[in-house]
Amino acid sequence: MKSIKLITVIICTLAWVGSTTLHAESCCEKAKKDGKACAHKCCIDAAKEKKVCEKCNPKKTEEKK
Ligand SMILES: [Zn+2]
Ligand SMILES: [Zn+2]
């Protein structure tokens with residue numbers, strides 16, 4: 001029963017990917033929670049331009065297309 005093993009592996013992988021994306025917080029979000037500004041250079045540069053760093057904060061949901 002190779003297929004069952006394969007399905008289990010796929011489910012485990014999906015669960016792992018799902019949990020990591022759900023719990024994934026960007027460095028900036030973590031810093032915000034602690035009441036700090038993100039210390040990453042790329043984020044500081046983005047913050048100077050009143051933006052969020054797109055490298056560390058990829059858009060999670062599609063708002064408009
Ligand atoms: Zn950051
Ligand atoms: Zn960044």
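# Exercises on a two-zinc site

Cys43 bridges the zinc ion (ligand 1) and the zinc ion (ligand 2), and these two ions lie 4.2 Å apart. The model is predicted. The exercises start from this bridge.

## Exercise 1: the zinc ion (ligand 1)

Task: find which protein atoms are the donors of the zinc ion (ligand 1), and classify the site.

Solution. 
- Step 1. List the donors. They are the SG atoms of Cys27, Cys28, Cys38 and Cys43.
- Step 2. Check the distances. These donors lie 2.3 to 2.4 Å from the zinc ion (ligand 1). The cut-off for a donor is within 2.8 Å of the metal.
- Step 3. Check the angles. Among the 4 donor atoms they are 99 to 120°. The tetrahedral class requires all angles between 85 and 135 degrees. The site is therefore tetrahedral.
- Step 4. Compare with the ideal. Four tetrahedral donors have ideal angles of 109.5 degrees.
- Step 5. Read the spacing along the chain. It is C-C-x9-C-x4-C.
- Step 6. Cys38 and Cys43 are both buried.

## Exercise 2: the zinc ion (ligand 2)

Task: find which residues coordinate the zinc ion (ligand 2), and state the arrangement.

Solution. 
- Step 1. List the donors. Cys42, Cys43, Cys53 and Cys56 coordinate the zinc ion (ligand 2) through SG, at 2.2 to 2.4 Å.
- Step 2. Take the angles. The 4 donor atoms subtend 102 to 118°, so the arrangement is tetrahedral.
- Step 3. Read the spacing. The donors follow C-C-x9-C-x2-C along the chain.
- Step 4. Cys42 has 27% relative accessibility, so it counts as partly exposed.

## Exercise 3: the salt bridges

Task: state how many salt bridges there are, and describe each pair.

Solution. 
- Step 1. Count. There are 3 salt bridges. The cut-off is a side-chain nitrogen of Lys or Arg within 4 Å of a carboxyl oxygen of Asp or Glu.
- Step 2. Take Lys33 and Glu25. Their closest N and O atoms are 2.6 Å apart. Lys33 counts as exposed because its relative accessibility is 65%. Glu25 is partly exposed, at 31%.
- Step 3. Take Lys41 and Asp45. Their closest N and O atoms are 3.8 Å apart. Both residues lie in helix H3, 4 residues apart, or about one turn of the helix. Lys41 is exposed, with a relative accessible area of 65%. For Asp45 the value is 34%, so this residue is partly exposed.
- Step 4. Take Lys51 and Glu49. Their side chains form a salt bridge at 3.5 Å, N to O. Lys51 is exposed, at 53% relative accessibility. Glu49 is exposed too, with a relative accessible area of 53%.

## Exercise 4: the largest pocket

Solution. 
- Step 1. Take the lining. It has 13 residues, and the closest to the pocket centre are Cys28, Cys38, Ala47, Lys51 and Val52.
- Step 2. Assign helices. Helix H2 (27-33) and helix H3 (41-48) each supply at least two lining residues.

Technical notes
Residues numbered from 1 in each chain as written. Chains lettered and ligands numbered in written order. Predicted model: local features only at pLDDT ≥ 70, side-chain atom pairs only at ≥ 80, totals over all residues. Heavy atoms only, no water. Donors = N, O, S within 2.8 Å, 3.2 Å for Na, K, Ca; no water. Tetrahedral: all angles 85-135°; square planar, octahedral: opposite > 155°, others 65-115°. Buried < 20%, exposed > 50% of the residue type's maximum accessible area, 1.4 Å probe, protein only. 1 Å grid on protein atoms, 1.4 Å probe; cavity = no way out; pocket = protein on both sides within 12 Å on 5 of 7 lines; lining within 4 Å.
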